[in-house]
Amino acid sequence: MSHLIETRTRTTARPKRPFLLRRGPMENIATVLIGLGFLMLFQPFLLVLYTYSLVTLLIGTVMFIIVSKFPE
């Protein structure tokens, strides 16, 4: 009987995923990237930050779209 209980708990247990393959933390990182891109876009002081703001926005947006498909 204990053998049946052990096999049931093993098959129903959720697998542990690494930190970077979970939705919650990666969505937070993507949101921070999008916010950072907006801040870089609206600052008037450094041309280098303004230049890379679009790249940062695009990376954050694409990352958010991909990560939103990850399992919880």
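Trainee: Which residues does T56 touch, not counting residues up to four places away in sequence?

Mentor: T56 touches L33, G37 and M40. This is a predicted model. Contact here means heavy atoms within 4.5 Å.

Trainee: Where does T56 lie?

Mentor: T56 is part of helix α4.

Trainee: Why does T56 count as buried?

Mentor: Set the value against the cut-off. Buried means under 20% relative accessible area. T56 has 14% relative accessibility, so T56 counts as buried.

Trainee: What about L54: is this residue buried or exposed?

Mentor: Exposed means over 50%. L54 has 53% relative accessibility, and therefore counts as exposed. L54 also has its place in helix α4.

Trainee: How far is L54 from I34, in sequence and in space?

Mentor: They are 20 residues apart in sequence. In space, the distance is 9.6 Å, C-alpha to C-alpha.

Trainee: How many helices and strands does the protein have?

Mentor: The protein has four helices and zero strands. Along the sequence the pattern reads α-α-α-α.

Trainee: How are two packed helices described?

Mentor: By the angle between their axes and the distance between the axes. Take helix α2, residues 23–42, and helix α4, residues 53–67. They pack at an angle of about 160°, and their axes are 8 Å apart.

Trainee: What makes α2 roughly antiparallel to α4?

Mentor: The angle does. Angles over 145 degrees count as roughly antiparallel. The angle of α2 and α4 is about 160°, so α2 is roughly antiparallel to α4.

Trainee: Is the crossing of α2 and α4 left-handed or right-handed?

Mentor: The crossing of α2 and α4 is left-handed.

Trainee: Which residues make the contact?

Mentor: From α2, they include L33, I34, G37 and M40. From α4, they include S53, T56, L57 and G60.

Trainee: How do the residues of the contact of α2 with α4 divide?

Mentor: Into 13 nonpolar, six polar and two charged. Gly counts as polar in this grouping.

Trainee: Where does UniProt place the feature "transmembrane region"?

Mentor: The unreviewed UniProt entry places the feature at residues 20–41 and 47–67. In the model, residues 47–67 are 95% helix and 0% strand. The end C-alpha atoms of that stretch are 30 Å apart.

Trainee: What share of the residues of the protein count as buried?

Mentor: Of the 72 residues, 17% count as buried.

Trainee: And what share of contacts join residues at least 24 apart?

Mentor: Among contacts between residues at least 6 apart in sequence, the share is 61%.

How values were computed:
Residues numbered from 1 in each chain as written. Predicted model: local features only at pLDDT ≥ 70, side-chain atom pairs only at ≥ 80, totals over all residues. Heavy atoms only, no water. Axes fitted to C-alpha atoms, helices over the stretch in contact; angles between N-to-C directions. Helix = DSSP H or I, 4+ residues; strand = E, 2+ residues; numbered from the N terminus. Parallel < 35°, antiparallel > 145°, perpendicular 65-115°, else oblique. Left-handed = near helix turned anticlockwise from the far one by under 90°. UniProt positions renumbered as here; feature names shortened; annotations may be inferred. Buried < 20%, exposed > 50% of the residue type's maximum accessible area, 1.4 Å probe, protein only.
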